[in-house]
Amino acid sequence: MKITYIARNVNLKDNFKERVEKKLSKFERIFSDTASANVTVTLQKNNQTVELTIRDNGMLYRAENTCEEMNDAVDRVVDIIGGLIRKNKTRLEKKN
């Protein structure tokens with residue numbers, strides 16, 4: 001999975017990038033190697049917004065969360081994406 005980082009009004013440190021890669025590694029078995037993930041981090045006053053978009057073979061998963069800490073926002077965004085994947089999987093199973 002190719003991960004692209006976009007930082008707005010904030011500098012991203014290497015430990016943040018490693019944390020995101022570690023969190024997204026659990027989705028590697030679901031998505032193909034051509035999947036792309038865009039991580040956008042925006043600083044607004046005291047709040048930091050993390051937006052995660054994953055694209056793969058016509059599927060699009062997007063989640064966004066705002067917290068005071070970047071790491072907390074990443075944790076919540078990954079949980080939301082996991083829920084969306086489960087929801088889509090069960091919907092496809094019921095359809096078939």
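Which residues have the most contacts inside the largest nonpolar core?

## The nonpolar core

They are Leu24, Val41, Leu52, Ile54 and Ile81, in a core of 24 residues. A nonpolar core here is a set of buried Ala, Val, Leu, Ile, Met, Phe, Trp, Tyr and Cys residues joined through side-chain atoms within 4.5 Å. Buried means under 20% relative accessible area, exposed means over 50%, and partly exposed lies in between (1.4 Å probe, protein chains only).

Helix H1, strand S2, strand S3 (47–56), strand S4 (59–67) and helix H2 (70–95) each supply at least two residues of this core. H2 gives the largest share, seven residues. Helices (H or I, at least four residues) and strands (E, at least two) are DSSP runs, numbered from the N terminus.

Ile54 touches residues from several parts of the chain. Its contacts are Leu24, Phe31, Ser36, Ala37, Met59, Leu60, Tyr61 and Ile81, leaving aside neighbours within four places in sequence. Contact means heavy atoms within 4.5 Å.

## Basis of the model

This is a predicted model: local features need pLDDT of at least 70, side-chain atom pairs count only at pLDDT 80 or more, and totals for chains, interfaces and linings use all residues. Residues are numbered from 1 along each chain as its sequence is written, and side-chain values use heavy atoms, with hydrogens and water left out.

## Strand pairing

Strand S1 (residues 2–8) and strand S2 (residues 36–44) run parallel, joined by seven bridges. Two strands pair if DSSP finds at least two bridges between them. Lys2 stands opposite Ser36 in S2. Ala7 stands opposite Val41 in S2. Between the two strands the chain passes through helix H1 (residues 14–24), and this β-α-β crossover is left-handed. A crossover is right-handed if, with the strands pointing away from the viewer, the path from the first strand over the helix to the second runs clockwise.

S2 also pairs with S3, in the antiparallel sense, over nine bridges. Leu43 stands opposite Gln48 in S3. In a regular strand, side chains alternate between the two faces of the sheet.

## Loops with positive phi

Lys45 is in the loop between S2 and S3. The hairpin of these strands has two residues between them. Lys45 is not a glycine, yet its phi is positive, about 55°. Is Lys45 buried or exposed? Lys45 counts as exposed because its relative accessibility is 82%.

Asn9 sits in the loop between S1 and H1. Asn9 is also not a glycine and has a positive phi of about 65°. Asn9 counts as exposed because its relative accessibility is 64%.

Asn65 lies in strand S4. Why does Asn65 count as buried? Its relative accessibility is 14%, so Asn65 counts as buried. Asn65 touches Gln48, Thr49, Val50, Ala73, Arg76, Val77 and Ile80, not counting residues up to four places away in sequence.

Arg8 belongs to strand S1. At 45% relative accessibility, Arg8 counts as partly exposed. Arg8 touches Thr40, Val41, Thr42 and Leu43, again not counting residues up to four places away in sequence. Arg8 and Asp56 are 48 residues apart in sequence and 25 Å apart in space, C-alpha to C-alpha.
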